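Colleague: I have a few questions about how you label things in this model. Can we go through them?

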Amino acid sequence: MVTLIPTHPGPLSEVPAFSRAIGGAESNVACAMAALGHSARWVSRVGTDGFGQCVTAGVAAYGVDVSTVRRDPSRPTGVYFRTAADRDSGAHEVAYYRAGSAASAMSPANVDMHAVRDCRILHLSGITAALSADCHALLHRLTAPAADRPLISFDINYRPALWRGDDAARTLLELARRADIVFVGEDEAAQVWGVTGGPAAIRRLLREPGVLVVKQGAAGATAFRRQAPGTHGPTATVNAVPEGTFEPSPTVTAVSATGAGDSFAAGYLSATLRALPPRQRLRYGHLLAAATLTTPTDLAPPPARAHADHLAALDDAAWGRLRLAPGWTQTARAPEEANTP
């Protein structure tokens with residue numbers, strides 16, 4: 001989508017002007033993965049309007065393969081407006097204009113399924129499932145158990161404004177149970193499924209995924225993992241893992257929370273592709289989220305890999321002292337890290 005970001009704080013009714021950017025859960029992850037040095041492809045549909053050209057060019061500028069993005073002459077590119085306030089605050093407003101958009105017309109019939117599956121990890125989002133019945137059918141097809149499917153990553157990304165009635169709870173649970181890696185916020189689980197009681201309660205609901213990452217806001221994140229002997233998805237024979245791995249977040253001076261969840265997913269998936277230890281995968285998620293938290297846009301340049309590797313490998317005491325403020329990704333060793341070895 002095209003994202004319109006306010007140039008001044010305040011409610012949408014009073015914001016005098018907006019700046020244009022690109023946004024979207026899956027494209028955000030693809031851009032971050034490419035910026036981290038991975039090969040990434042974004043498969044989607046945009047309009048033939050100027051906004052479609054803007055989005056496609058913007059994603060391509062990060063090094064993402066956009067050769068399979070289709071231009072729809074009869075439908076517009078999606079647009080959304082948001083306020084500068086934190087998503088978790090009562091002052092945050094979002095106005096989506098996605099009904100009838102080019103992306104909402106994606107289906108198993110018009111998407112290049114080979115291009116989508118030709119990867120090591122396929123990242124999907126609950127937002128796409130909410131756009132239309134055809135989009136839901138596409139995600140249902142892509143998450144179907146198959147011997148040759150890639151590792152499926154699924155971010156719940158619950159957006160109440162995009163759903164009707166009880167569709168969200170049923171659809172998101174179905175798709176999550178068919179995925180291999182699932183990302184969900186503790187607050188999201190309470191909103192969409194009414195699940196409270198912490199990460200363990202969410203794991204009891206979602207036993208099927210090989211990896212379940214529960215994001216706990218500023219506190220940190222917990223990852224539950226199973227060991228599967230060679231196959232992916234709910235048909236795999238797995239050994240239960242009784243406890244999750246918790247990793248606290250560093251202290252971050254946040255500018256805006258929008259897009260931080262997508263960056264967390266990219267960091268975790270990048271570390272997964274590099275076969276880093278479980279705790280470092282969570283730390284990479286935290287670091288990429290911190291890069292976005294400390295900028296006003298939905299997507300921020302990540303720290304250099306050597307810089308992130310250094311921070312992810314800190315001992316517990318040094319990690320606990322870490323303070324990340326705006327600008328921390330722009331140097332090899334930011335002032336906020338002065339107390340780290």
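Modeller: The buried residues of α7 pack against α6 (167-177), β9 (181-185) and α8 (199-205). Keep in mind that this is a predicted model.

Colleague: Which residues of α7 are called buried, and what makes them so?

Modeller: In α7, residues 186-193, they are E188, A189, V192 and W193. Buried means under 20% relative accessible area, so each of these four falls under that cut-off.

Colleague: Why do you say they line one face of the helix?

Modeller: Look down the axis of α7. The buried residues fall within an arc of 100 degrees, so they line one face.

Colleague: What follows α7?

Modeller: G194 does, and its phi is positive, near 70 degrees.

Colleague: Now the sheet. What is the strand order?

Modeller: The order is β2-β1-β5-β6, in an open sheet of four strands with mixed pairing.

Colleague: What makes β2 and β6 edge strands?

Modeller: β2 (18-22) and β6 (94-97) each pair on one side only. Neighbouring strands here are turned by 20 degrees against each other on average, direction ignored.

Colleague: How do you know that β1 and β5 pair?

Modeller: Pairing needs at least two bridges. β1 (residues 2-6) and β5 (residues 79-82) have three bridges, in the parallel sense, so they count as paired. T3 stands opposite Y80 in β5.

Colleague: Which helix lies across β1, β2 and β5?

Modeller: That is α2, residues 50-60. α2 runs at about 55 degrees to β2.

Key
Residues numbered from 1 in each chain as written. Predicted model: local features only at pLDDT ≥ 70, side-chain atom pairs only at ≥ 80, totals over all residues. Heavy atoms only, no water. Buried < 20%, exposed > 50% of the residue type's maximum accessible area, 1.4 Å probe, protein only. Helix = DSSP H or I, 4+ residues; strand = E, 2+ residues; numbered from the N terminus. Arc of directions from axis to C-beta. Contact = heavy atoms within 4.5 Å. Axes fitted to C-alpha atoms, helices over the stretch in contact; angles between N-to-C directions.
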